[in-house]
Amino acid sequence: MEGLSAELLLRIIVFGAVASGIWALAASGFSLIFGVVRILNFAHGTIFVLSAYFGITLTNYGVNPYVAFVASILFAGVFGVAMYKIALSPIRESKVMVIIVTLAIALLVEQILMMTFGGHGISFPSLVEGVVYVAGVPITYKRILTFIIAVIALISLEFFITRTKTGKMIMATAEDMEAAMLIGIDTEKALVITMFVSSILAGLGGLLYSQIFATTPIVSLKALIYAFAIVILGGLGSVRGSIVAAFIVGYTLAITISLLGARWSEFVVLLTIIAILIVKPTGLYGVEE
Amino acid sequence: MKGMKRVIALAITLAFAASLPLYIPEAFIYLLGLALLFAILVVSWDVMVGYTGYVNLGHTVFVGIGAYTAALLQSQRLALPTLPVPASIVMGGFIAALVGLFIGIVTLRLRGYYFALVTAILPLVFMQTVFIWPDIFGGEEGFTIEHGLAGSVVEKYYAALLIAFVSIAVMLLIVNSPVGLKLKAIREDEELAEAVGIDTVKYKIMAFVISSFFAGIGGAAIVHYRMVVAPDLYDIPLMLLVILSAVIGGLGTIYGPMIGGLLIYLAKNWWLKEVVDVFRFTALPINDDVILYLILIVVAILMPEGVYQGIKEKLKKERG
């Protein structure tokens, strides 16, 4: 019995780490774009899934998985920027319209993916093969790699925002767009860069997800909902809050799946978040609007 | 004088709607009845979103709750007393309103963005209940009920017309009352509204509860109309269809969303199916949803104020 529970604990730790890392990528991008541009991008989960499908399609045509991996991340970034330029930039001032248009894009892409690829799960080929046994529990290398890549990406994001000149330019735009414009910052450029960064984070999340879990067009909705949940919990616009909240959600998820079963996962996670909101309505790191 | 004109216009519209089964085929009458019930959902969404400015993305939660409540009261799946059909529809509305009250108390202390996000995840929470307890809710397939609104299609259509008329009339009276004025004040400037002594949280919750109640009524009536309850009544595509109809009709006008709801529902279920057939030979990934979403995106980008406002402004420009 003791051995069993230790094994269960280890499984929860590993699964939680992987899930937290992936959802942190999705949520931090979503939070970043809200913090800077003040838009709720309902197509964020779509970018997550689209990059996975793009990568899988490339490898099906015989492209090297590493090349496909990088190409798909760039594709996600370009898709995000194109979406911003064509559809969102003209209606940025109207909050309701942005929600409606991004939601429509999300459902549109989901339908097209469903008709093109079908609803069954597909996966991106493993970037690394092999298994390590820790106390008798098999842990695949790709799970470890996923966690490491996620952590590196999140640290780079933090570094990019707080230390680089472009990051500071973006933060200034987020703080006060008119003031930023007055001191000579090209705010439109800042918004485009933000959209690009946000989208490649989503794209990276999607690729890492599809390497481990079966990916279907509906995963876009799942990614979006987890990003929402994490961002609500962490506080809108706070990237750091998103990362902390992602780990809370990731581990709640891992514990729920291990103890209650997969079908309970979303239900319990979302109930937890609503319970936290009752106590602290603006989220963990949230600021008053 | 103006009141008189309105009564006459209303009487003519109702007489026209009531005479439709005389010269329109039954299959179309069936769709028309569903479109009327769908219009209730759109108008009830407008009561919250169009009048307070708070974007509720979880309206289908209340549609689903109303639907499942009414269906469960018509079946032996739970040891519940079986109610007559009208009573079970009203119960659907009440339970939806009750859940709306609770969600409103939790979320409406928050301002705009949080409300939108929290309500956006709610349909998925409720949809999960269907899969977690399939013995009760029937899982993905849902379940059928025995007693509908009426026996024949034409009778059902009249029942739907009556329910839609009463529901929309009540909502119209509410938004044209002093309560409606206070809601509009919140939409225009919430801080100012608070400063002049309006209890904004109370009125927001009130609008949300009214909106939920009629969504529940609509959901319950739809179930009794088509005799099947299924998770599609909770789902995101229905939410987007409601949003699309309200936006095309013009938010905060009641009439606009009502007409938008009727047109969009009929367009999607009648006309678009034929359009899709035209594209069938191209082997492109196109279905009715794809066309609908494309229209929505293009309309939203070209006329961000809504089609109604967009056309009105264009006419103004041409005249001026």
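**View 1. The largest pocket takes its largest lining share, 6 residues, from α11(B).** Helices here (H or I, at least four residues) and strands (E, at least two) are DSSP runs, numbered from the N terminus. A pocket is found on a 1 Å grid over the protein atoms alone, as an open set of points with protein on both sides within 12 Å along at least five of seven lines, and lining residues have an atom within 4 Å of a point. This one holds about 1,400 Å³ of space, where a volume is the space filled by probe spheres set on grid points that are joined across faces, edges and corners. Its lining runs to 50 residues, and those nearest the centre are A:Ile218, A:Leu221, B:Leu124, B:Met127 and B:Asp235. By class, 35 of the lining residues are nonpolar, 5 polar and 10 charged. For these classes, Ala, Val, Leu, Ile, Met, Phe, Trp, Tyr, Cys and Pro count as nonpolar, Asp, Glu, Lys and Arg as charged, and the others, Gly among them, as polar.

A quick note on what you're looking at: this is a predicted model, in which local features need pLDDT of at least 70 and side-chain atom pairs count only at pLDDT 80 or more, while totals for chains, interfaces and linings use all residues. Residues are numbered from 1 along each chain as its sequence is written, chains are lettered from A and ligands numbered from 1 in the order in which they are written, and side-chain values use heavy atoms, with hydrogens and water left out.

**View 2. Here chain A meets chain B, with 44 residues from chain A and 41 residues from chain B in the contact.** Contact means heavy atoms within 4.5 Å. The two chains bury about 4,100 Å² between them, with 84% of that on carbon and sulfur atoms; buried area is the accessible area (1.4 Å probe) that two parts lose on being put together, summed over both. On the chain A side, α1 (2–37), α3 (65–88), α4 (95–117), α9 (219–234) and α11 (265–279) each give at least two residues. The largest share, 15 residues, belongs to α4(A). That side of chain A splits into 34 nonpolar, 5 polar and 5 charged residues. How many salt bridges (a side-chain nitrogen of Lys or Arg within 4 Å of a carboxyl oxygen of Asp or Glu) are there between chain A and chain B? The count is 0.

**View 3. Zoom in on the largest cavity, with a volume of about 90 Å³.** A cavity is a set of grid points where a 1.4 Å probe fits but cannot get out. The structure holds 3 cavities of 30 Å³ or more. Lining the largest are A:Phe42, A:Leu103, A:Leu221, A:Leu224, A:Ile225, A:Phe228, B:Leu57, B:Ala120, B:Ile236 and B:Met239. α9 of chain A and α11 (236–249) of chain B each supply at least two of the lining residues, and the largest share, 4 residues, comes from α9(A). The lining is made up of 10 nonpolar residues, with no polar and no charged ones.

**View 4. The second largest cavity has a volume of about 50 Å³.** Its lining consists of A:Phe42, A:Gly45, A:Thr46, A:Leu103, A:Ala106, A:Leu107, A:Glu110, A:Ser220, A:Leu221 and A:Leu224. Two or more of these come from each of α2 (44–60), α4 and α9 of chain A. α4(A) gives the largest share, 4 residues. Sorted by class, there are 6 nonpolar, 3 polar and 1 charged.

**View 5. A:Lys142 sits in helix α5 (residues 141–163) of chain A.** Which residues does A:Lys142 contact, leaving aside its neighbours within four places in sequence? They are A:Ser126, A:Val128, A:Gln211 and A:Ile212. With A:Ser126, A:Lys142 makes a side-chain to side-chain polar contact (3.3 Å). A polar contact is a pair of N or O atoms within 3.5 Å; within protein, one must be able to donate a hydrogen and the other to accept it, and residues adjacent in sequence count only if both atoms are side-chain atoms. A:Val18 is 124 residues away along the chain, with 9.8 Å between its C-alpha atom and that of A:Lys142.

**View 6. Two loop residues of chain B, B:Met227 and B:Ile254, come up here.** Most residues other than glycine have a negative phi. B:Met227, though not a glycine, has a positive phi near 70 degrees; its loop lies between α10 (200–226) and β2 (228–229) of chain B. B:Ile254, also not a glycine, has a positive phi of about 60 degrees, and its loop lies between α11 and α12 (255–279) of chain B.
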